Amino acid sequence: MIQRARELVEEARRGITPVEERIRMHPYLQALEGRRVARGTLAIFAGQQRHIIESDLRSVALIVSRSASQATRDFFLGMLQGERAALEALAAFGKAVGISGGDLAAEPLPGAFAYSAYVAWLALYGSPAEFAGAFLVNLEAWGANCARMSRALRDGYGLTAQDVAFFDLFAAAPPGFEERGLGVVDEGLAEGVEPARIRRAARLLQGYELLYWDTM
């Protein structure tokens with residue numbers, strides 16, 4: 001049965017290929033690799049990520065509480081641990097680009113925070129299958145961009161491996177992440193979640209991802 005979930009996720013990925021390409025080839029990344037992003041403005045990226053991750057921690061905790069099966073709860077608990085680790089690693093990046101202590105660098109920007117607002121909506125109103133499916137589709141482009149940022153920040157801005165650990169955490173999905181996530185999607189499909197809702201969740205989340213990069 002998991003094959004049905006796999007095919008659905010692949011279909012969702014194909015459906016947003018143009019958005020995916022715009023994210024992966026975003027001008028912000030090209031500017032960063034060309035050392036055209038002022039070092040001081042990197043604090044904006046760090047500050048917005050702080051707002052996003054603190055919100056996403058609450059959202060993932062909520063979807064854990066709404067999940068019926070232990071396998072689904074375990075999948076989201078793994079995501080929760082990853083978000084917590086990312087928040088801790090983000091502090092080193094923030095410090096490296098000039099954020100001190102608990103300073104958030106800036107108030108949330110609408111175009112950046114819209115991503116987390118939709119994640120919160122999914123956690124409250126969506127099914128676990130929609131939540132998992134959206135992230136399975138979304139995290140590939142985010143991970144690829146994080147890998148590029150890690151290299152660019154080390155090569156062009158002199159940051160250390162510790163400074164960019166935040167990006168390295170996302171550069172590759174944890175072993176088994178996709179298979180466990182597909183299990184969550186499969187469980188939802190078996191319970192009657194409409195495939196169109198999972199495709200929609202993936203499309204919207206990826207659209208908000210692009211909006212984040214546009215805002216940067």
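This is a predicted model: local features need pLDDT of at least 70, side-chain atom pairs count only at pLDDT 80 or more; totals for chains, interfaces and linings use all residues.
**Entry 1: serine 116**

I looked up serine 116 and found it in helix H6, which covers residues 110-125. Is serine 116 buried or exposed? Its relative accessibility is 0%, so I logged serine 116 as buried; the cut-off for buried is under 20%. I then listed its contacts, leaving out residues up to four places away in sequence. Serine 116 touches Ile52, Ser55 and Asp56.

**Entry 2: surface patch**

Next I looked for nonpolar side chains on the surface. Leu62, Trp121, Leu124 and Tyr125 form a nonpolar patch there. Together they have about 400 Å² of accessible area. Which helix gives the largest share of the patch? I noted H6, with 3 residues.

I checked leucine 62 separately. This residue sits in helix H4, residues 42-66. Its relative accessible area is 31%, so I put leucine 62 down as partly exposed; that class lies between the 20% limit for buried and the 50% limit for exposed.

**Entry 3: nonpolar core**

I turned to the largest nonpolar core, which has 69 residues. Which members touch the most other members? I wrote down Phe76, Phe93, Phe131 and Leu153. Helix H7, residues 128-157, supplies the largest share of this core, with 14 residues.

I followed up phenylalanine 131, again skipping residues up to four places away in sequence. Its contacts are Ser59, Val60, Ile63, Phe76, Met79, Val119, Leu122 and Ala123. One of these, Phe76, is also among the core members that touch the most others.

Note on methods
Residues are numbered from 1 along each chain as its sequence is written. Side-chain values use heavy atoms; hydrogens and water are left out. Helices (H or I, at least four residues) and strands (E, at least two) are DSSP runs, numbered from the N terminus. Buried means under 20% relative accessible area, exposed over 50%, partly exposed in between (1.4 Å probe, protein chains only). Contact means heavy atoms within 4.5 Å. Patches are made of residues with over 30% relative accessible area and no salt bridge: like charges are joined within 9 Å, nonpolar side chains (Val, Leu, Ile, Met, Phe, Trp, Tyr) within 5 Å. Accessible areas come from the Shrake-Rupley method with a 1.4 Å probe; for residues, only the protein chains shown count as cover. A salt bridge is a side-chain nitrogen of Lys or Arg within 4 Å of a carboxyl oxygen of Asp or Glu. A nonpolar core is a set of buried Ala, Val, Leu, Ile, Met, Phe, Trp, Tyr and Cys residues joined through side-chain atoms within 4.5 Å.
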